[in-house]
Amino acid sequence: MNATLSKPSYLPHRPRAVRILETADQASRTKSLSFRDTLAAAATPGQFGMIWAPGKDETPMSLLPAGAYDLVTIVVKHRGEGSRALLRKKRGDLIGIRGPYGKGFTCAGVKNALMIGGGTGAIPLLGLLRALAPRRVTCSFVLGAHTSHELLFQDEIGRLCKETGGNFSITTDDGSAGTKGLATDEAAKVLHARSFDRVYTCGPEAMMRTVVDLSERAQIPAEAGLERIFKCGSGICGSCCIGPYLVCKDGPVFSRETLEELPEFGRSTRDASGRPVIIRSS
Ligand SMILES: Cc1cc2nc3c(=O)[nH]c(=O)nc-3n(C[C@H](O)[C@H](O)[C@H](O)COP(=O)(O)OP(=O)(O)OC[C@H]3O[C@@H](n4cnc5c(N)ncnc54)[C@H](O)[C@@H]3O)c2cc1C
Ligand code: FES
């Protein structure tokens with residue numbers, strides 16, 4: 001076959017069975033699962049895979065490529081049946097994957113980035129940090145969680161921020177680690193103290209709404225990684241709609257300009273039956 005031919009576009013849609021090579025506890029009720037998959041290993045930061053726990057459910061999960069040997073990690077937090085089935089998987093078990101899907105974060109031209117990650121929102125931002133740090137981007141990070149037991153990747157994030165000359169801060173709602181309070185309050189302080197040319201955020205939507213508003217006031221371009229209920233994950237079923245967009249296909253990462261057109265952003269989402277649900281701030 002001619003090696004210069006591009007890969008067929010249907011390839012990410014083909015379900016693959018992958019064997020779990022390693023699992024590790026990462027935080028309270030949160031585990032990482034690592035496996036090999038050539039397509040997922042080419043995912044860009046913010047892209048996701050549809051991960052199938054056989055006989056249970058298929059759920060969207062951010063993909064963290066290791067950068068070698070087609071190794072990929074997903075980090076799963078327990079929420080319901082699908083995530084619980086994945087958390088029960090052990091080394092040697094098989095799971096399914098489709099993807100990578102979606103549009104991730106844009107990295108071109110960034111020199112000084114601020115990332116604000118809340119809860120599992122830290123997972124795609126870690127992928128972004130790993131991609132930006134070797135490009136000599138100064139990276140700062142505000143990592144927020146309810147308690148110290150839910151903080152994800154604080155050692156790696158702290159090390160990478162330090163290596164790039166950036167700032168790293170932690171906030172927890174109960175004060176069990178870092179500053180007691182909201183990640184958005186810390187983000188406002190950091191935005192005031194240093195200059196940035198890009199803000200990235202992922203986490204609870206009320207938090208992202210505040211971060212996007214802060215970046216608007218500071219006149220800094222911003223991007224946010226959204227979550228909705230995904231069923232097909234590939235632009236067919238419409239369950240993930242926000243305004244005229246499909247989060248699985250047009251996102252999950254959206255620019256501030258696009259988010260500002262969407263009155264639902266940070267205010268309402270949809271449940272599994274498509275009914276609008278008000279987003280609460282905590
Ligand atoms: C692009 C994207 C990337 C994601 N990356 C990760 C990740 O790296 N790690 C991780 O732990 N989680 C991630 N999630 C969230 C994860 O997909 C949901 O937690 C999971 O689908 C819940 O399924 P469940 O069967 O465990 O829970 P269910 O029993 O289906 O639902 C439990 C609760 O989670 C809510 N929920 C269900 N499905 C979703 C969904 N697709 N998105 C958000 N909330 C949902 C339900 O409304 C309900 O409140 C991501 C979601 C998206 C959209
Ligand atoms: S999840 Fe089906 S269109 Fe987005």
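1. Start with a pair of residues in two strands. Trp52 has Gly96, in strand 8, as its bridge partner. The two strands involved are strand 4 (residues 48-53) and strand 8 (residues 94-101). They pair in the antiparallel sense, over four bridges. Keep in mind throughout that this is a predicted model.

2. Four strands form an open sheet in the order 1-8-4-5, and the pairing is antiparallel. Which strands are at the edges? They are strand 1 (16-19) and strand 5, and each of them pairs on one side only. Neighbouring strands of this sheet are turned by 35° against each other on average, direction ignored. As background, strands of a sheet pair through backbone hydrogen bonds, either parallel or antiparallel.

3. Strand 5 also matters for the ligand shell: it gives five residues, the largest share of the shell around ligand 1. How many residues surround ligand 1? The count is 21. The closest are Pro60, Val75, Gly82, Ser83 and Glu227. By type, the shell holds nine nonpolar, six polar and six charged residues.

4. Next, look at the polar atoms around the ligand. An N or O atom in the side chain of Ser83 is 2.4 Å from an oxygen atom of ligand 1. At Pro60, a polar backbone atom is 2.7 Å from a ligand 1 oxygen. For Lys77, a backbone N or O atom lies 2.8 Å from an oxygen atom of ligand 1. How much of the ligand does the protein bury? Taken alone, ligand 1 exposes 840 Å², and the protein buries 76% of that. Strand 5 (57-62), strand 7 (71-77) and helix 1 (81-87) are the elements that give two or more residues to the shell.

5. Check the cis peptide bonds. One joins Gly99 and Pro100, with omega about 10°. Pro100 lies in strand 8. Another cis bond joins Gly251 and Pro252, and its omega is also about 10°. Pro252 is placed in the loop between helix 6 (247-250) and strand 17 (253-255). Why point these out? Most residues other than glycine have a negative phi, and most peptide bonds are trans.

6. Arg29 is not a glycine, but its phi is positive, about 55°. Arg29 is in the loop between strand 2 (22-27) and strand 3 (30-36). Asp70 is another residue other than glycine with a positive phi, near 60°. Asp70 lies in the loop between strand 6 (64-65) and strand 7. Asp70 is partly exposed because its relative accessible area is 31%, which falls between the 20% and 50% cut-offs.

7. Is Gly102 buried, exposed or partly exposed? Gly102 is partly exposed, with a relative accessible area of 24%. Gly102 and Ala43 are 59 residues apart along the chain, and their C-alpha atoms are separated by 9.5 Å.

8. Last, Arg136. This residue is found in the loop between helix 2 (122-132) and strand 10 (138-145). Arg136 has a relative accessible area of 77%, so it counts as exposed, the cut-off being over 50%. Arg136 and Asn112 are 24 residues apart in sequence. In space, C-alpha to C-alpha, Arg136 and Asn112 are 9.1 Å apart.

Notes:
Residues are numbered from 1 along each chain as its sequence is written. Chains are lettered from A and ligands numbered from 1 in the order in which they are written. This is a predicted model: local features need pLDDT of at least 70, side-chain atom pairs count only at pLDDT 80 or more; totals for chains, interfaces and linings use all residues. Side-chain values use heavy atoms; hydrogens and water are left out. A residue is near a molecule or strand if one of its heavy atoms lies within 4 Å of it. A polar contact is a pair of N or O atoms within 3.5 Å; within protein, one must be able to donate a hydrogen and the other to accept it, and residues adjacent in sequence count only if both atoms are side-chain atoms. Accessible areas come from the Shrake-Rupley method with a 1.4 Å probe; for residues, only the protein chains shown count as cover. Ala, Val, Leu, Ile, Met, Phe, Trp, Tyr, Cys and Pro count as nonpolar, Asp, Glu, Lys and Arg as charged, and the others, Gly among them, as polar. Buried means under 20% relative accessible area, exposed over 50%, partly exposed in between (1.4 Å probe, protein chains only). Two strands pair if DSSP finds at least two bridges between them. Axes are lines fitted to C-alpha atoms, for helices over the stretch in contact, and angles run from 0 to 180 degrees between N-to-C directions.
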